[in-house]
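Thanks for making time this morning. I would like to walk you through one model, beginning with a single side chain and then stepping back to the whole chain.

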Amino acid sequence: QLQLVESGGGLVQPGGSLRLSCAASGFTFNRYAIGWFRQAPGKEREGVLCISSSGGSTFYADSVKGRFTISRDNAKNTAYLQMDSLKPEDTAVYSCAAAPFCVFTPRGYAYWGQGTQVTVSS
């Protein structure tokens, strides 16, 4: 069974940090790029970051560049999203997804996790 499971979401104050994890099983993890997406209430899903299958290339949305960092540990079949300097506008459900390579749109990703809620509020 192909699975991606996110964890690590929660409530954090503006300026705080949070680390999300994406644990994969049921497929050859090191052959897939991993992307992180987010969707806020009333907004369309947007791509945040993506990391290549080997971890050698990373791609960032302008809105999070310098604040968010994506990484992966292929030995653990897990990808990570480190979020620093969080802002209220970062509040959303964050999902990880797998694709043959990094692409710009959600339609390019074959496998999705269920999502984890991140809330940035005082």
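Before we look at anything, one term: when I speak of a polar contact I mean a pair of N or O atoms within 3.5 Å, where, within protein, one must be able to donate a hydrogen and the other to accept it. Please also keep in mind that what you see is a predicted model.

With that in hand, consider Arg67, which sits in the loop between β6 (58–60) and β7 (68–73). A polar atom of the Arg67 side chain lies 3.0 Å from the backbone oxygen of Ser63. Is Arg67 buried or exposed? Its relative accessible area is 11%, and because buried means under 20%, Arg67 counts as buried. Leaving aside residues up to four places away in sequence, Arg67 touches Gln82, Met83, Asp84, Ser85, Leu86, Lys87 and Asp90.

Now to the chain as a whole. The protein chain has 11 strands and 0 helices, and 39% of its 122 residues count as buried. For 122 residues, a compact globule would have a radius of gyration near 14 Å, and the 13 Å of the protein chain agrees with that, while the C-alpha trace spans about 40 × 25 × 25 Å along its principal axes. Among contacts with a separation of 6 or more, 56% join residues 24 or more positions apart.

Finally, the surface and the charges: the accessible surface comes to about 6400 Å², with 48% of it belonging to carbon and sulfur atoms, and the mean positions of the 11 positive and 8 negative charges are 5 Å apart.

Methods. Residues are numbered from 1 along each chain as its sequence is written. This is a predicted model: local features need pLDDT of at least 70, side-chain atom pairs count only at pLDDT 80 or more; totals for chains, interfaces and linings use all residues. Side-chain values use heavy atoms; hydrogens and water are left out. Helices (H or I, at least four residues) and strands (E, at least two) are DSSP runs, numbered from the N terminus. Buried means under 20% relative accessible area, exposed over 50%, partly exposed in between (1.4 Å probe, protein chains only). Contact means heavy atoms within 4.5 Å. The radius of gyration is taken over C-alpha atoms; the globule rule is 2.2 Å times the number of residues to the power 0.38. Accessible areas come from the Shrake-Rupley method with a 1.4 Å probe; for residues, only the protein chains shown count as cover. Lys and Arg count as positive and Asp and Glu as negative; His and the chain ends are not counted. The place of a charge is taken as NZ of Lys, CZ of Arg, CG of Asp or CD of Glu.
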